[in-house]
Amino acid sequence: MLSKKATCNSHGQDSSYFLGWQEYEKNPYDPITNPSGIIQMGLAENQLSFDLLESWLASHPDAIALKQDGAFLFRELALFQDYHGLPAFKNALTEFMSEIRGNKVGFDPDKLVLTAGATSANETLMFCLADPWFDRDLKWRTGAEIVPIHCSSANGFKITKPALEEAYQRAAKRKLRVKGVLITNPSNPLGTTMTRDELDILINFIASQNIHLISDEIYSGTVFDFPGFISVKEVIKGRDDVSDKVHIVCSLSKDLGLPGFRVGAIYSNNNGVIAAATKMSSFGLISSQTQYLLSVMLSDKEFTSKYIAENKRRLAKRQQMLINGLEDAGIGCLNSNAGLFCWVDMRHLLKSKTFEGEMELWKKILYEVGLNISPGASCHCQEPGWFRVCFSNMSEDTLNLAMQRLKSFVDSGRHRTARSSHSMPFFAKWVRRLSPSERKSER
């Protein structure tokens, strides 16, 4: 009785990425009620600076109460708003986007389309650019096909011209008409920023093939170390041959740690794309109340400046905690300078250098160690043994506990033995009770 779209499996719900989430939800870690539960390290969410947001909200009650100069704005915000968005919010958002990028580039509010999160923004662009691409986010409803650009650990997974050409040729062999290239910069899952050379290669490639480039820059505000972030908007200055073929996706989910607010946007110099995307945005609008609250917050330049600087400091500190914990367990990771995760190298822990070996290790880490991490196969990595591990969605105590579990697992040699579906989780045998001070910090 359901449509083919409703019953097809292209959403990827059966991938290891979602399976790990399902297992976590069945047995979530809690320091008091479930200390042997699964720790969620597959969620790229920034919880490190909530206190800064809460402090601002506490000192600006009128913004929450929808008041301006003492007068309630309920009627104005409750009535119908067209899908162009509140001008005050679009102005504040574009200024914030510039601030995050070091004010090296500016953004015109009239070229911005608001969407209910970055997922909606990416999907809208797929509808605009592709005729029938991330899995789950882009392929399920649009029908667009994804052809991964295979990068290598030999050069730090950097994008090269041969890698682009090889992917293009694979698409041609499948008789697919390539409409564009999609990148994440800073990279998810690598946690790295693209170099100017990589961006130049991309721009020259799309120019030569007369195709589009979508630059997903939702992690631009998470860059905490050298060499810094270069937006694709900087690179296309003076490139009239591609200015209408480059589109930017941004969001407040990562930059401001507000995924639940569902705020995303498309920025483009292509008037046709803006017109079409604006019409389509009516299927996923941002509430007027949310827009008003955030317009007040983002217009507070003292707050945004403090937040950006402090958030970067906290991210750098937390990333180093994860790196130190991994090193104690004899595990390395890719050098990174951004994001809410590390790209972790566990190739030496595989029983076999295959994706079957990767899946076997992932299941042990999930069921026996009690950590939900994301295997490289779910990110289209062609080298078995790489995993994305998130670090900013938990407390320091929880991260330390996760690293203790992982180290004990590696030291025990359990990664070399077969997994029993009936055995007691390894970490449950030695889990310790938290001290009163630790319990308080967890709360």
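Here are some questions and answers on a predicted model.

Residues are numbered from 1 along each chain as its sequence is written. Local features need pLDDT of at least 70, side-chain atom pairs count only at pLDDT 80 or more, totals for chains, interfaces and linings use all residues, and side-chain values use heavy atoms, with hydrogens and water left out.

Me: Which side chain of opposite charge is nearest to Glu-358?
Reply: Glu-358 sits in helix α15, residues 355–369 (helices are DSSP runs of H or I, at least four residues; strands are runs of E, at least two; both are numbered from the N terminus). Glu-358 is buried (under 20% relative accessible area, with exposed over 50% and partly exposed in between, 1.4 Å probe, protein chains only), yet has no salt bridge (a side-chain nitrogen of Lys or Arg within 4 Å of a carboxyl oxygen of Asp or Glu). Counting Lys and Arg as positive and Asp and Glu as negative, with His and the chain ends not counted, the nearest opposite charge is 9.1 Å away, on Arg-347.

Me: What is the strand order in the open sheet of 4 strands?
Reply: Two strands pair if DSSP finds at least two bridges between them. The edge strands, pairing on one side only, are β9 (332–333) and β12 (374–375). β9 pairs with β10 (residues 341–345) over 2 bridges, and Gly-332 has Asp-345 in β10 as its bridge partner. The pairing in the sheet is antiparallel, and the order is β9-β10-β13-β12.

Me: At what angle do α6 and α14 pack?
Reply: Helix α6 covers residues 87–100, and α14 (residues 301–328) also lies across β9, β10 and β13. Glu-95, Phe-96, Glu-99 and Ile-100 in α6 meet Lys-301, Thr-304, Ser-305 and Ile-308 in α14 (contact means heavy atoms within 4.5 Å). Axes are lines fitted to C-alpha atoms, for helices over the stretch in contact, and angles run from 0 to 180 degrees between N-to-C directions. The α6 and α14 axes are 11 Å apart, at an angle of about 35 degrees.

Me: Is Ile-146 buried or exposed?
Reply: Ile-146 is in the loop between α8 (139–142) and α9 (161–173). Its relative accessible area is 15%, so Ile-146 counts as buried.

Me: In β8, which residue is the bridge partner of Val-113?
Reply: Both faces of β4 (residues 112–115) are covered, with Leu-112 and Leu-114 buried on one side and Val-113 and Thr-115 on the other. β4 pairs with β8 (residues 264–268) in the antiparallel sense over 4 bridges. The partner of Val-113 is Ile-266.
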